[in-house]
Amino acid sequence: MGWRIEATVLRFFFFLLRRLSPERAAAMSRWAFAKVGPRTRKRVRVYRNLKVAFPQASEAQIEGYLVDVFGHLGVAVAELVHLPRLWAERARRFEFEADPAISFMHAGRPAVLVTAHVGAWSLANFIAAKYDFPLTVVYAPESNPYVHDLIFDLRSALPVKMMRRDNAMRGLMKELGAGHTVGLASDVRLDAGEPVSMFGHDMLTNTVPARLALRYDCELIPVHVQRLPGMRYRVHLCAPIRPLDASAAPAQAAHDMATSLNRVFEEWIRATPGEWMCLARRWPKEVERAATRSVTQAT
């Protein structure tokens, strides 16, 4: 019953957003999420992640970042609702930039595209339509099946093939083997991942993107979507991530590439802390406790 009520409320909220322009929908959704989000249980998780990532920030700064995180979550919801319109108006809303070192689009080869939950990350998938190549992306299903169906229907407006995160490795290998580019977000904690430094602390990190790039000899490319004023976006395909040592064993090379990728993500997050969707746990509990303890001692 609770799941049904949650889905009904979201469906009505999406209906309201759809009747507004993208600009007004984003403003309303940002206001609503910024008011409600900090009062939910997710507040604690966001606060702890921000304290680990920004240990030198004052409490006022952390609180400001926290409110912005929830507010930009609301913006992301409005963007999802307005996907078809945003793309229909792409001439005035989107800028695309590709690093000159990228070759896969011209060589007719697949690539592994990776993003983080920073900025308008969900709009990164529009690069498949812009550059006209097949793209298969991995997504995490919602725990509420009714909300899952609702969100999946919105995501279907994206010009990509969707693949559930659960046991996706075999599917990703199949797609790359068929010459299709794959995409996923790898800035979240993965229980089966490897310890890789993130903001100075080991985080269980998904090294699958790096391992796939090495196995299929293709480029590992970070994709960053920056929000610009007026619901405009700059989609940037960054320089490919390569092993630090070309002669290193595959496991070490993958770890080095994952480390380099985390450094890129850190730069994005530091540039726009309030646009980092850090609603889930990233680091071990002892790291979180140490970060939170520093606040208690300072006060």
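At roughly what angle do the axes of helix H11 and helix H12 cross, and within what distance do they come?

## Crossing of H11 and H12

In this predicted model, the axes of helix H11, which covers residues 208–215, and helix H12, which covers residues 250–271, come within 8 Å and cross at roughly 125 degrees. As for handedness, the crossing in which H11 passes H12 is right-handed.

## Nonpolar surface patch

Elsewhere in the model, Phe12, Phe15, Leu16 and Met28 make a nonpolar surface patch of about 350 Å². Helix H1, spanning residues 2–18, gives the most to this patch, with three residues.

Phe12, one of the residues that make the patch, lies in helix H1. Its relative accessible area is 51%, and because exposed means over 50%, Phe12 is classed as exposed.

## Val46 in helix H3

Val46 is found in helix H3, which runs over residues 42–53. With a relative accessibility of 0%, Val46 counts as buried, because the cut-off for that class is under 20%.

Along the sequence, Val46 and Asp68 are 22 residues apart, while in space their C-alpha to C-alpha separation is 11 Å.

How values were computed
Residues are numbered from 1 along each chain as its sequence is written. This is a predicted model: local features need pLDDT of at least 70, side-chain atom pairs count only at pLDDT 80 or more; totals for chains, interfaces and linings use all residues. Side-chain values use heavy atoms; hydrogens and water are left out. Patches are made of residues with over 30% relative accessible area and no salt bridge: like charges are joined within 9 Å, nonpolar side chains (Val, Leu, Ile, Met, Phe, Trp, Tyr) within 5 Å. Accessible areas come from the Shrake-Rupley method with a 1.4 Å probe; for residues, only the protein chains shown count as cover. A salt bridge is a side-chain nitrogen of Lys or Arg within 4 Å of a carboxyl oxygen of Asp or Glu. Helices (H or I, at least four residues) and strands (E, at least two) are DSSP runs, numbered from the N terminus. Buried means under 20% relative accessible area, exposed over 50%, partly exposed in between (1.4 Å probe, protein chains only). Axes are lines fitted to C-alpha atoms, for helices over the stretch in contact, and angles run from 0 to 180 degrees between N-to-C directions. A crossing is left-handed if the near helix is turned anticlockwise from the far one by less than a right angle, and right-handed if clockwise.
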